[in-house]
Amino acid sequence: MRARALADILLQLQNAATAAGRPQPRLLAVSKTQDATAVAELADAGQRAFGENYVQEAMGKAAALADRGLEWHLIGHLQSNKAKEAAALFDWVQTVDRPRLVEALARHRSDDRTPLNVLIQVNIDDEASKHGCQPDDVPALARAIAAQPRLCLRGLMVIPTPHPDPEQRRDAFRRTHALFDALRAGHPSVDTLSMGMSDDFAVAIAEGATMVRIGTALFGARPRRDPEKAN
């Protein structure tokens, strides 16, 4: 069942990219609240990159699936006191939004690992309930990341206001892409714009997403309650 869902989503991504005249984006399977068995089913079908919201939950899955060669992304808010565990576990952290977190991740990333890939999370719609830095703070934060040899600046991540009509999110995606282009002009390592989820990925792709984060369309409805309330 999940293999069919994966094939269907990949076809939808391809069709959306073709319709928009854009390259097909990478798929990040959002596996938060799903168990290791569900992740293994998608891995068996060929999916390699998985997104988790919580450090502790991801640790268990990564340990159970250590022989699969999977790529783990943190897509939930990261508290600085969890930076040590996150720097050791994840291949990507998509939610870097403040200098203190940059310093903590760099300090705890081991020299014998490849640099930790990081995305700057931008609060593109200036929502009080959302994490992320302000658009004007992106250049300084990017410079701080680029100055750390144990980190690799890869781009931006955004979660726009969840308007009921995905078309109403287009402007936020467009503004994020403009920020991305400006960032890429000054940092050769920048190649990733993570935006778009199950209900709006077509709009995000049309506006330049290079990675989309999809959970529900792959795994089905999530359990009502997250297994952990904090990182």
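Predicted model: local features only at pLDDT ≥ 70, side-chain atom pairs only at ≥ 80, totals over all residues.

Residues are numbered from 1 along each chain as its sequence is written, and side-chain values use heavy atoms, with hydrogens and water left out.

Q: How many residues does the largest nonpolar core have?
A: A nonpolar core is a set of buried Ala, Val, Leu, Ile, Met, Phe, Trp, Tyr and Cys residues joined through side-chain atoms within 4.5 Å. Those with the most contacts inside the largest one include F50, F90 and L105. Its residue count is 64.

Q: Is A104 buried or exposed?
A: A104 is found in helix α5, residues 99–108 (a helix is a DSSP run of H or I, at least four residues, numbered from the N terminus). Buried means under 20% relative accessible area, exposed over 50%, partly exposed in between, with a 1.4 Å probe and protein chains only. Because its relative accessibility is 5%, A104 counts as buried.

Q: Which residues does A104 touch, not counting residues up to four places away in sequence?
A: Contact means heavy atoms within 4.5 Å. P149 is 45 residues from A104 in sequence and 13 Å from A104 in space, C-alpha to C-alpha. With residues up to four places away left out, A104 touches S80 and A83.

Notes
Helix = DSSP H or I, 4+ residues; strand = E, 2+ residues; numbered from the N terminus.
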